[in-house]
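Dear colleague,

I am passing on the structure we talked about, and it is placed directly below. Please look through it first, and then read my notes beside it.

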Amino acid sequence: MFLSVKEMELRKVRFDETFQAGRIDFSGEDLEQISPLRAQGSAELLAHTDGEVRIRGTYTVEMRSQCDRCLGNAVFPLDAGFDLYYRPVSVIAREEEVEIEEGETEIGFYEGGGLELEGILLEQVLLALPMQRVCSEVCKGICPVCGTNRNETACDCRAESSDDRWGALRKLEL
Ligand SMILES: [Zn+2]
Ligand SMILES: [Zn+2]
C-alpha cells in the first residue's frame, strides 16, 4: 500500500491492511512469515513542516526463523506499535551543511511522493525481533561433540571429550 503525501495533504490517511505471506519480502532475512500480517494505523502530513510525515500504528504477525542454537524452528509472535517520522529527501539536500543532530536518528526519509507501507513494516518486524533468535530461552542447542539435539536427547558427552576425539585421530594417523 502506497501512502501518498498528496492524499495526506487532503486528509489523514488511515490504513487497515492484511498482508498474506509473500507480499512483504522477508526472504533476504532468513525469515518466514507464518501468519497474515495485520497492520492498522494512520499517516499524516504534519502542519507547518517541510513535508514531514508521521506514520503510526500497530501490527500483529507470527514469524519463524531457524534457532541459532539447535537449528530447529524458532517462532516469534509479534504484537507491536510504531510511531515514526519521515522527512522528504529533498530537505537533506538543502540542509547539506547542517549536520544531523544526535537524537534525530529516529527520523527517516522518503523519496518521491510518499512511502510504501510494506517497506515500513519490513523494517519494524526486523527491529522487533531479538538479536539472538532462539526457539526458547532454555534451548540447550546442539552438542558440539556428537551433534545430538540436546533438547530431544541427553548425551553423555563431556566438554573434554572433544580433546579425546582429537587424540583418537592422532593415534589413527600414527
Ligand atoms: Zn533451539
Ligand atoms: Zn553429545
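What follows is a short account of what was found in it.

The model is a predicted one, in which local features need pLDDT of at least 70 and side-chain atom pairs count only at pLDDT 80 or more, while totals for chains, interfaces and linings use all residues. Residues are numbered from 1 along each chain as its sequence is written, chains are lettered from A and ligands numbered from 1 in the order in which they are written, and side-chain values use heavy atoms, with hydrogens and water left out.

To begin with the fold, the protein chain has four helices and eight strands, where helices (H or I, at least four residues) and strands (E, at least two) are DSSP runs numbered from the N terminus. Read from that end, the order of elements is β-α-β-β-β-β-β-α-β-β-α-α. Of the 174 residues, 33% count as buried (under 20% relative accessible area, with exposed over 50% and partly exposed in between, for a 1.4 Å probe and protein chains only). Among contacts (heavy atoms within 4.5 Å) with a separation of 6 or more, 58% are made by residues 24 or more positions apart.

Strand 5 has several pairing partners, two strands being counted as paired if DSSP finds at least two bridges between them. Strand 3 (residues 32-33) runs antiparallel to strand 5 and is joined to it by two bridges, with Glu-32 facing Arg-64 as its bridge partner. Strand 4 (residues 37-45) is also antiparallel to strand 5, over eight bridges, and here Ala-39 has Tyr-59 as its partner. Between strand 5 and strand 6 there are 14 bridges, again antiparallel, and Ile-55 stands opposite Leu-84 of strand 6. The hairpin of strand 5 and strand 6 has six residues between the strands, and in it Leu-71 takes a positive phi near 65°.

One aromatic pair is counted, under the rule that rings of Phe, Tyr and Trp (its six-membered ring) pair if their centres lie within 6.5 Å, with planes under 30 degrees apart called stacked, over 60 edge-to-face and the rest tilted. The pair consists of Tyr-59 and Phe-82, and it is tilted because the planes stand at 35°, with the ring centres 6.3 Å apart. Tyr-59 lies in strand 5 and Phe-82 in strand 6, 23 residues apart, and both residues are buried.

The zinc ion (ligand 1) has as protein donors (N, O and S atoms within 2.8 Å of the metal, or 3.2 Å for Na, K and Ca; water is not among the atoms, so sites may look incomplete) the SG atoms of Cys-67, Cys-70, Cys-135 and Cys-139, which lie 2.3 Å from it. Why is the arrangement around this ion tetrahedral? The four donor atoms subtend angles of 104 to 113°, and four donors count as tetrahedral if all angles lie between 85 and 135 degrees. The donor residues are spaced C-x2-C-x64-C-x3-C in sequence, and Cys-67, in the loop between strand 5 (53-66) and strand 6 (73-88), is 68 residues from Cys-135, in the loop between helix 3 (117-128) and helix 4 (161-173). Cys-67 counts as buried at 1% relative accessibility, whereas Cys-135 is partly exposed at 31%.

The zinc ion (ligand 2) has Cys-143, Cys-146, Cys-155 and Cys-157 as donors through SG, lying 2.3 Å from it, and its site is tetrahedral, with angles of 107 to 112°. The spacing here is C-x2-C-x8-C-x1-C.

Conventions:
Tetrahedral: all angles 85-135°; square planar, octahedral: opposite > 155°, others 65-115°.
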